[in-house]
Amino acid sequence: MAHASVTSLMRTIESLLTSNSLMPTLICDHRDEICALHEKISSLEVFLKNFEKNKVSGELTDLEVQIKEVANIVEQTIQLRVTEVLLANDENLREKAHERLSDSLQQVVEDIDRIWKESTNIQDKGKHASKESTVQEFLSSSRNILNVDNSMVGRDDQRKRLVEDLTRSHSGEPKVIAIVGMGGIGKTTLANEVYNDACIRSHFDVCAWATILQQHNVKEILLSLLRSTKSDSFAMNDEAKLANMLQKSLKGKRYLIVLDDMWKTEAWDTMRQCFPSENKGSVILLTTHNIEVARDASTENLSLQMDLMGPDESWNLFKSVAFANEALPSEFETIGKQIAEKCHGLPLTIVVVAGLLKSKRAIEDWENVAKDVKSFVTNDADERCSRVLRLSYNHLTSNLKTCLLHFGIFPEDSDIPVKILVRPWMAERFLKLENDLEGEAEKCLQELVDRCLVLVSKKSRDEQKLDHVSLRKMKPFKRVSGHEIDYCRSGLCRALLTPVHRQLRDHDNNDLLKRTRSIFSFHLKDPFFVLKSELIHFKLLKVLELRNIDMDHFPVQILSLIWLRYLLLYFREYLDIPPEICRLWNLQTFIVQGPMLWKITFPEEILGLMQLRHLKLPEFYLPNPPSVSADKGSHVCFSNIQTISSMSPCCCTKEFIMRIQNVKELGLSAYQIDSSDGPLNSLVHLQQLETLSLTYCFGGFWPASAKAFPATLKKLKLDKTYLSWSYLDIIAELPNLEVLKLMYRACDGEEWRPTVMGFNQLKLLLIEHNDLKYWKATNDNFPVLERLVLSCCYYLDKIPIEFAEIHSLQLIELNWCLPVLGESSSQIQKEQEDIGNNPVDVRISDPYKYIVFTKVTPYFSFPQVKSYTKVI
C-alpha cells in the first residue's frame, strides 16, 4: 500500500526528530536536512490520503506504485545510514558514516521532489473514470454467485421472523429494518426471498427495490425505485425532480422499499429524505455489511444479524445445491459433510463449492476438493467468492487495508489474541497514532469487525472488549496488495517484506534480509533456524517474535537491531538481560515467555528505553532509577509505559512508582515477600491504573484500607494470594471496581459473609478453585452485578437466593461445579420471574460429579489427598 509506505516513512523521520535516546550529534548535525524532508513527506502524505479516498478501485495506479517504491527506498536508506552511525566502533568510522548519511539525505530529497512533481500534475478525474467499469464487473459477478440458488435452506426461521416484522402494524414513521452480515452470508438472498413472498406482495401497495453500490449514485437509485413503482421510462437528470416524483408515487400508500447493499451512512442520510414520513404501515428494508449503517438507520430492536450457519444448516444447503432433486448416494454423505464443514458456515462458499461439484459424480473428485476446500474456492481473484471480499477490501481506508493484510502473517483459521495482533500494528506503524495508541488500534480492529471482514472468536469475560479474532478468507486480500509473505523451509516462520526498487539489490539473499520488516515463528521444526540465519543481517527489522524457539541465553545479535519495536522471546532457563539492551531505543513491546522458575533482574540501562509501552515477563525485578536533581526532572523513567507484568512487589517503592505514572495495567508476582515493607501502599500514586493483578503474594503486607489502592482501579485479579474472605470487605470499598476475578486459592476458608454494602460498580464476579462452602450475601452487596461466573467450586451447593433481586443480573455461568448449584441457579431464575424481573441466563458446562478433597500447603509442597467422594 502506497499510503502505508509513506506513513511508515513519516513515523521513522518523526522518531529521529523526537528521540532523546540517540547520540546527540546525530540530530544536531542533520536536523535541517531531516526537517526539510519531513515537510515534503508530510505534504505527500496528505495528497496520497485524498487520492486514495477518491479512488473507486482497489488496484494500484502507476503513480501509487512509484510513490510506494520511492517511500520504501527512502526509509530503507535513512535507516541503514543511521544504523551505521550508531553502531560505528570508532570516531573515524563514525565520521565517515555521518558523511554517507548527509549524501543520502540529499539524494532522497531529490527523489521525493521528483515524485511530488508527478503527483501535482495528475488529473484525478481522468484517472478515476476508468475504474467504474471494473467495480461494476465485480459487482455483477458477485450477484451471479449469490443467485446460484435462491432457496433459503437453513434460514426459514429468519425468513419467518422478517415477514412478521414487515407485516406487523406499528405507529409513527415508517420503520426501518436492517439485515446485517458479512459478505456472502446471504443478506441479499434473504431480502429477495421476502420481497417476492406472496404474503408481502399482497400486504403492501407498492414494492420497490434499488441496489446502492459503494459509490452511491442518487439519481440511479431514484430511477431504479421509480421503475419499480411505475412502468414509465424517465429521461430527466434532475435529482430533485426525481425525488419529488418518487414522493408523489408513494404518497398515501403502504410501501416496502428495499435498499440492497448499503455501504455508507451518508448514502442512507441522503435517501431517507426521499420517502414519505406518514404512517401507513410502510417499511424500509436495507442490507449492509456495516454495523454502523444498521445502527444509524434501523428502528430500535429491528436489526436482523445474519450469523454463520451451523453444521446441520450447512449440510442441508450443500445437499440442496449439489444434488438438487436427485437422491443422495450414501457414499457421498460422509465426504460431503466434511466439505460442507470446511466452508465454515458461509452460505456463499457453500453454494459455490456445491455448485462446482454438482456435475461431478466421481468420489475421487470430491475427495480432492475435501483436501483443500479453501484454496479450491479462492484460487482466482476474479472468480466467485473472492470478488465479494475484494469489494469489501476496496472500500476500506488505506490504514484498514494494511491492518487487514497483516492477518496473513498468522496461520489460516487461527484464533488470534487481540493484543498479539494490534501491538505489531503499532510497531509496524501502520497507523498514525498519538497518545492512546492501543485504544486507537482497537478501534481499527472493531471497524474491521463491524464491516464483517473479521470474526470475533471470543470476548472478554465482561463482554466489553474483543479478546480473540479470526479471519477465514485471506487469499483474495493478499492478491490485490503487493505485500509479500515468505515461508522458511524448516517450518512455519513468516516474514513480512516491504517491496523495494531494483537498484538497491546487491544480490537476492542480501536484498531479502534488508527488506524483511517482521519475523514471526510458528511451530518451527528446526528451533534454531532464525538464529542460524544471523539475525544481525536483518538490520531494519521492526517485529521479531520467536515464541516457539527455546533459548538458553539472550541472543546478542538482537542488540544490533536498533529499529526493533516489538520483541518476543521464549526461555526455559534463567535469562540474563545484557546492559546493551539500551541500544534498542525504539522498543515498544518486550515480552519474555517461559516457566515461572527464575526471577529476572534487569540492568539499570533498561530505564533508557523511553519508548517502552508493554513489558511482560514471568517474574522480574527492576532496579530503582538513579536519583536525579529537581532541575532535571524525571527523564529517567518509563513515561510511555502502559503495561507491566509480572514485576516483583519489592520494586514498588514510592521512588520507582513515581516513574511509571502512566501505567494502566500492572501485574505483581512473588513467591515470598518481607511483610514489613508494605509495598502495595505505594500503588495509590498510580492515578492512571485501571487493571491490577496480584499473584503468589503471601504475607501480612496487605493494606488495611481501600484508600491504599488507586481510586481509578476497574479490574482486579487475585491468584494464589490465600486471603481471608473477610478481606474482601476492604476490596468492596474500591469505588470504581467493575471486574473482580478470584482465581486459584485467591481466598482461603469455607465461608464468605460480606459485612459491608460495597461493590457498588461491580459488573463481573468470577470465583474459581477454592474451598468455599457457605456463601451468605444479599443484593445490597452486589447491587449492579451483571455476570456471575463460578468455576471448579467443588464444595459450594447454593448461590444466595437474594441474587434474584439483583435487577441487573444477566448471566450465571457454572463450569465444573456440583449439579445442585445448577438447581440453585434455576431457583434464582424462577424467583426472578415471580417478582417480575427478566430471568437470568444460566449456562452450565461439565457438571462435576467427582470430588477430590485435598490439603494444600503454601509455598508449593505437593498436595496430599485426604479422601475421595463420589457424588451420585
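**Exercise 1. Two packed helices**

At what angle do helix α20 and helix α22 pack, and how far apart are their axes? Describe the contact in this predicted model.

*Solution.* 
Step 1. Two packed helices are described by the angle between their axes and by the distance between those axes.
Step 2. Locate the helices. Helix α20 covers residues 398-405, and helix α22 covers residues 437-450.
Step 3. Read off the values. The angle is about 85°, and the axes are 10 Å apart.
Step 4. Classify the angle. Angles of 65 to 115 degrees count as roughly perpendicular, so α20 is roughly perpendicular to α22.
Step 5. List the residues that meet. From α20 come Leu400, Cys403 and Leu404; from α22 come Cys444, Glu447 and Leu448.
Step 6. Sort them by class. The contact of α20 with α22 has five nonpolar residues, no polar residues and one charged residue.

**Exercise 2. The chain as a whole**

How many helices and strands does the protein chain have?

*Solution.* 
Step 1. Count the elements. The protein chain has 28 helices and 31 strands.
Step 2. Turn to burial. The chain has 872 residues, and 54% of them count as buried.
Step 3. Turn to contacts. Take those between residues at least 6 apart in sequence; 65% of them join residues at least 24 apart.

**Exercise 3. The largest nonpolar core**

Which residues touch the most other members of the largest nonpolar core?

*Solution.* 
Step 1. The core has 96 residues.
Step 2. The residues that touch the most other members are Phe590, Leu765, Trp775, Phe782, Leu790 and Phe803.
Step 3. Ask which element contributes. Strand β12 gives the most to this core, with four residues.
Step 4. Look at Phe782. Setting aside residues up to four places away in sequence, Phe782 touches Trp752, Gly758, Phe759, Leu762, Leu765, Trp775, Ala777, Phe803 and Ile806.

**Exercise 4. Backbone exceptions**

Where is the cis peptide bond that has an omega of about -10°?

*Solution.* 
Step 1. Most residues other than glycine have a negative phi, and most peptide bonds are trans.
Step 2. The cis bond joins Ser645 and Ser646. Ser646 belongs to strand β17, residues 643-647.
Step 3. Follow the contacts. Gly667 sits in strand β18, residues 665-669. Gly667 is buried, because its relative accessible area is 3%.
Step 4. Take Lys720. Its phi is positive, about 60°, though Lys720 is not a glycine. Lys720 lies in the loop between β20 and β21.
Step 5. Take His769. Its phi is also positive, about 50°. His769 lies in the loop between β25 and β26.

**Exercise 5. Buried or partly exposed?**

Is Lys720 buried or exposed?

*Solution.* 
Step 1. Set the cut-offs. Buried means under 20% relative accessible area, exposed means over 50%, and partly exposed lies in between.
Step 2. Lys720 has 19%, so Lys720 is buried.
Step 3. His769 has 26%, so His769 is partly exposed.
Step 4. His537 lies in the loop between α25 and β12. Its value is 40%, so His537 is partly exposed.
Step 5. Ser791 is in strand β27. At 13%, Ser791 counts as buried. Beyond its neighbours within four places in sequence, its contacts include His769.
Step 6. Gln588 is in the loop between β13 and β14. At 7%, Gln588 counts as buried.

How values were computed:
Residues numbered from 1 in each chain as written. Predicted model: local features only at pLDDT ≥ 70, side-chain atom pairs only at ≥ 80, totals over all residues. Heavy atoms only, no water. Buried < 20%, exposed > 50% of the residue type's maximum accessible area, 1.4 Å probe, protein only. Core = buried A, V, L, I, M, F, W, Y, C linked by side-chain atoms within 4.5 Å. Contact = heavy atoms within 4.5 Å. Axes fitted to C-alpha atoms, helices over the stretch in contact; angles between N-to-C directions. Parallel < 35°, antiparallel > 145°, perpendicular 65-115°, else oblique. Nonpolar A, V, L, I, M, F, W, Y, C, P; charged D, E, K, R; others polar.
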